[in-house]
Amino acid sequence: MNLPLGYRYSALYAGIRKAAKPDLALIVSDTPASAAAVFTTNRVQAAPVKLSRENLAQSGGVARAVLVNAAMRTVPLAPERRLRSPRPGPQPRRWAAR
């Protein structure tokens, strides 16, 4: 992946998707960088959406890293789904900077 100078990237399979291919990525800036986001306006919002909005506001629009996941829901899960054990499959691996 071609990145601007001062940025690093790594991706791995964390078990979020069924297929054993990268589903979690970390992008890191060597220095504080401007950050912005577009959030849903739905009345029902998952905790990660609310937390991300609060963190961005508290940071004043500055960030050093972004963690990106794939195939995750953005709505609250029913209690029985929250307690479900992780999906069986290949084991997640450690981060390897690129």
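Figure 1. Leu24 lies in strand 2. The bridge partner of Leu24 is Leu12. The view can also take in Ala71, which is 47 residues away from Leu24 along the chain. The C-alpha atoms of Leu24 and Ala71 are separated by 9.8 Å.

**Figure 2. The whole protein chain, with 2 helices and 3 strands.** Read along the sequence, these elements follow the pattern β-β-α-β-α. Of the 98 residues in the protein chain, 17% are buried. The protein chain exposes about 7900 Å², and 57% of this area is supplied by carbon and sulfur atoms. Among the contacts with a separation of 6 or more, 61% come from residues 24 or more positions apart.

**Figure 3. The open sheet, made of 3 strands in the order 1-2-3.** The pairing in this sheet is antiparallel. Strand 1 (7-12) and strand 3 (62-69) stand at the edges, and each has a single partner strand, so one side of each is left without a neighbour in the sheet. On average, and with direction ignored, neighbouring strands of this sheet are turned by 10 degrees against each other. Strands of a sheet pair through backbone hydrogen bonds, either parallel or antiparallel.

**Figure 4. The pairing of strand 1 with strand 2.** Strand 1 and strand 2 (residues 24-34) run antiparallel and are joined by 6 bridges. Two residue pairs can be picked out in this view. Tyr7 stands opposite Ser29 in strand 2. Leu12 has Leu24 of strand 2 as its bridge partner.

**Figure 5. The pairing of strand 2 with strand 3.** Strand 2 is joined to strand 3 by 7 bridges, and the two run antiparallel. Ala33 has Ala63 in strand 3 as its bridge partner.

Figure 6. Is Ser29 buried or exposed? Ser29 is buried, with a relative accessible area of 3%. Leaving out residues up to four places away in sequence, Ser29 touches Gly6, Tyr7 and Arg64. Tyr7 also stands opposite Ser29 in the sheet. A polar atom of the side chain of Ser29 lies 2.4 Å from the backbone oxygen of Thr31.

**Figure 7. Confidence along the predicted protein chain.** The protein chain averages a pLDDT of 80, and 72% of the residues score at least 70. Where is confidence highest, and where is it lowest? Confidence is highest in strand 2, at 95, and lowest in helix 2 (residues 79-82), at a mean of 53.

Key:
Residues are numbered from 1 along each chain as its sequence is written. Side-chain values use heavy atoms; hydrogens and water are left out. Two strands pair if DSSP finds at least two bridges between them. Helices (H or I, at least four residues) and strands (E, at least two) are DSSP runs, numbered from the N terminus. Axes are lines fitted to C-alpha atoms, for helices over the stretch in contact, and angles run from 0 to 180 degrees between N-to-C directions. Buried means under 20% relative accessible area, exposed over 50%, partly exposed in between (1.4 Å probe, protein chains only). Contact means heavy atoms within 4.5 Å. Accessible areas come from the Shrake-Rupley method with a 1.4 Å probe; for residues, only the protein chains shown count as cover. A polar contact is a pair of N or O atoms within 3.5 Å; within protein, one must be able to donate a hydrogen and the other to accept it, and residues adjacent in sequence count only if both atoms are side-chain atoms. pLDDT is the predictor's confidence in each residue, from 0 to 100.
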